Amino acid sequence: MHNHPQDSGTHYNASTDRMPRTTLFFSVHDMVGALDECLRALKRASVSMTRIESRPSKSVDPGYDFFVDVDAHTTELVQRVIEEVKKVKVVRDVRFVGNV
């Protein structure tokens, strides 16, 4: 927490205190409930999602590509998340992108 004399409040700098996040990429067919099924896979892997970004897919037509940041800090947990997402029938590709 940082107190600044010119400010009336207290500020917290989350960027210096957060745990590293893992970014994953997956592509899905455009179907009702497709994203919901993927999010349920994250829940089954017991990880929290901290960010999601989507765009029309370049590889699945019609479909969408998703980039998600999850709180997965070990190789074993990342692998478990990937395996859970791969089980989703509408998913066509799952990849580890990196750590943030």
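The side chains of Ser 57 and Asp 65 meet in a polar contact of 2.8 Å. This is a predicted model. Ser 57 sits in the loop that links E4 to strand E5 (63-70). Is Ser 57 buried or exposed? Ser 57 is buried, because its relative accessible area of 16% falls under the 20% cut-off.

Which residues does Ser 57 touch, apart from those within four places in sequence? They are Ser 27, Gly 63, Tyr 64 and Asp 65.

The loop between E4 and E5 also holds Pro 62. The peptide bond from Asp 61 to Pro 62 is cis. Its omega is near -5 degrees.

## Glu 53 in strand E4

Strand E4 covers residues 49-56. Glu 53 belongs to this strand. Glu 53 is partly exposed, at 31% relative accessible area.

Glu 53 has a polar contact with Arg 55, side chain to side chain, at 2.3 Å. Beyond four places in sequence, Glu 53 touches Asp 65, Phe 66 and Phe 67. Asp 65 is also the polar partner of Ser 57.

How far apart are the C-alpha atoms of Glu 53 and Phe 67? The separation is 5.1 Å. Along the chain, the two residues are 14 residues apart.

Met 49 is another residue of strand E4. Its relative accessible area is 34%, so Met 49 counts as partly exposed.

Helix H1 spans residues 34-44. Its buried residues are Ala 34, Cys 38, Ala 41 and Leu 42. Why do these residues lie on the same side of H1? They lie on the same side because they cover an arc of only 100 degrees around the axis. A general point about α-helices fits here. There are 3.6 residues a turn, so residues three or four places apart point the same way.

The other side of H1 carries Arg 40 and Lys 43, which are exposed. Several elements cover the buried residues of H1. Among them are strand E3 (22-29), E4 and E5. Helix H2 (75-86) and strand E6 (91-99) also take part in the cover.

## Ser 46 after the helix

Ser 46 follows H1. It lies in the loop between H1 and E4.

Ser 46 is exposed, with 59% relative accessible area. Ser 57, by contrast, is buried at 16%.

Arg 21 is located in the loop between strand E2 (10-11) and E3. Is Arg 21 buried or exposed? Arg 21 is buried, because its relative accessible area is 14% and the cut-off is under 20%.

The side chain of Arg 21 makes a polar contact with the side chain of Asp 69, at 3.3 Å. Arg 21 and Ser 48 are 27 residues apart in sequence. In space, their C-alpha atoms are 10.0 Å apart.

Notes
Residues numbered from 1 in each chain as written. Predicted model: local features only at pLDDT ≥ 70, side-chain atom pairs only at ≥ 80, totals over all residues. Heavy atoms only, no water. Helix = DSSP H or I, 4+ residues; strand = E, 2+ residues; numbered from the N terminus. Buried < 20%, exposed > 50% of the residue type's maximum accessible area, 1.4 Å probe, protein only. Polar contact = N/O pair within 3.5 Å; in protein donor to acceptor, adjacent residues only side chain to side chain. Contact = heavy atoms within 4.5 Å. Arc of directions from axis to C-beta.
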